[in-house]
Amino acid sequence: MRFSRSDFHYDLPPELIAQHPPSERGGSRLLVVEHSAAALRDLQFADLPQLLRPHDLLVFNNTRVMRARLFGRKSSGGRVEVLIERVLTPHTALAHVRASKAPAAGSTLLIDGVTLQVLGREGALFQLQSPELAFAELMAQHGHIPLPPYIQRPDTAADEARYQTLYASREGAVAAPTAGLHFDAAMLQRLDALGVTRAEVTLHVGAGTFQPVRVDDLDQHEMHAEWLEVTAQLCAQIAATRQVGGRVIAVGTTSVRSLETAAASGELKPYCGDSRLFIRPGYQFQVVDAILTNFHLPESTLLMLVAAFSGYSAMMNAYRHAVAERYRFFSYGDAMFLPGRSARLK
């Protein structure tokens, strides 16, 4: 079956979009979507260990969200909002810039008295230079947590902790790998006791993850680039997991894209660099056996990814069920567990 963008539409009441995290990490619901017969189970996230077994390998994305949103003014006085997409060097970065009129090359922006110079453009992004202060320091001193566009409130002090995973260690993302937000220390200890092993990838989530698919013909969609790293150590952990009959379980779609990018040749190998991998129905998964994920935007590439994994009909049925049962959606919302099929690469 050939799919188009509109095939991935579903109706979502706005009140189901979570504006705040649950009172405690792990306080979310968990919808299990079985691949066979499209069976659904309504659980709590605390029930996750029931779905796992010894020797399973959970692969987490250890990226850390930057305080990437900066507010300031153009030298002409107009307001400007800067979202750092990628730090290139200590004093240069690529960024989205929102203003009444796009700043020209050679112009300056002022962020709480700190001057940024606009060097030019690279597509939709602006190349900025911060001669006075390294971007890491600029964001630490003046930046805000870049909450997603569907969370319609300013960031707060609570978001500093709750929009980061407990294990976030490598700064560089502008959005959290949100499936990992559900894990607290107690859950990780329970999984350790069960004999579930853990591994990490890094994928620095970009703002492009929120960009809508603008073409109905999916062959014409151009994926945004995101930097990722899959290490030799992780490849060895996956091989060891296969040897003892364990499953490779991706925590979040970012972990899925990382692992599948590293296996694009048909063999899982270490990988470091950008990926534009677009996973949609018809894709043959190479590494991932199961996925833990949140709910995704209508017509988004991430919804297409999970539909590719669990089957289009099963996934769209699951989303209709989640709406009817009043699940909470998106970054601060509830979770899904997709058991998938048997192991792929041996």
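Predicted model: local features only at pLDDT ≥ 70, side-chain atom pairs only at ≥ 80, totals over all residues.

User: How many residues of helix 6 are buried?

Analyst: The general idea first: an α-helix has 3.6 residues a turn, so residues three or four places apart point the same way. Now the case here: ten of the ten residues in helix 6 (residues 301-310) are buried, so you'd call the helix mostly covered, given that buried means under 20% relative accessible area. Among them are Leu302, Leu303, Met304, Leu305 and Phe309, and the list also includes Thr301 and Ser310.

User: What happens just after helix 6?

Analyst: Look at the backbone of glycine 311: this residue takes a positive phi of about 100 degrees.

User: Strand 16 came up as part of the cover. How do I read the sheet, and in what order do its strands run?

Analyst: Go across the sheet strand by strand. Here nine strands form an open sheet in the order 2-1-17-16-14-3-12-13-15, with mixed pairing. At the edges you'll find strand 2 (40-44) and strand 15 (271-275), each pairing on one side only. From one strand to the next, the twist averages 25 degrees. Zoom in on strand 16 and strand 17, and you'll see an antiparallel pair with four bridges.

User: Can we pick one residue there? Which residue stands opposite threonine 293?

Analyst: Methionine 336 in strand 17 does. Threonine 293 itself is found in strand 16, and it counts as buried because its relative accessibility is 1%. Its side chain also makes a polar contact of 2.8 Å with the side chain of histidine 296.

User: Which residues is threonine 293 in contact with, leaving aside neighbours within four places in sequence?

Analyst: Those are Ala179, Thr253, Val306, Ala335, Met336 and Leu338. You've met Val306 already, as one of the buried residues of helix 6.

User: Now charges. How many salt bridges does the structure hold?

Analyst: In general, side chains of opposite charge can pair when their charged atoms come close. This structure holds 18 salt bridges. Take arginine 170 and glutamate 229, whose closest N and O atoms are 2.7 Å apart. That pair links distant parts of the chain, with arginine 170 in strand 11 and glutamate 229 in strand 13, 59 residues apart.

User: What about aspartate 192: which residue does its side chain meet in a salt bridge?

Analyst: Arginine 198, with 2.7 Å from N to O. Aspartate 192 counts as partly exposed because its relative accessibility is 41%, and arginine 198 is partly exposed as well, at 36%.

How values were computed. Residues numbered from 1 in each chain as written. Heavy atoms only, no water. Buried < 20%, exposed > 50% of the residue type's maximum accessible area, 1.4 Å probe, protein only. Helix = DSSP H or I, 4+ residues; strand = E, 2+ residues; numbered from the N terminus. Polar contact = N/O pair within 3.5 Å; in protein donor to acceptor, adjacent residues only side chain to side chain. Contact = heavy atoms within 4.5 Å. Pairing = 2+ DSSP bridges. Axes fitted to C-alpha atoms, helices over the stretch in contact; angles between N-to-C directions. Salt bridge = Lys/Arg side-chain N within 4 Å of Asp/Glu carboxyl O.
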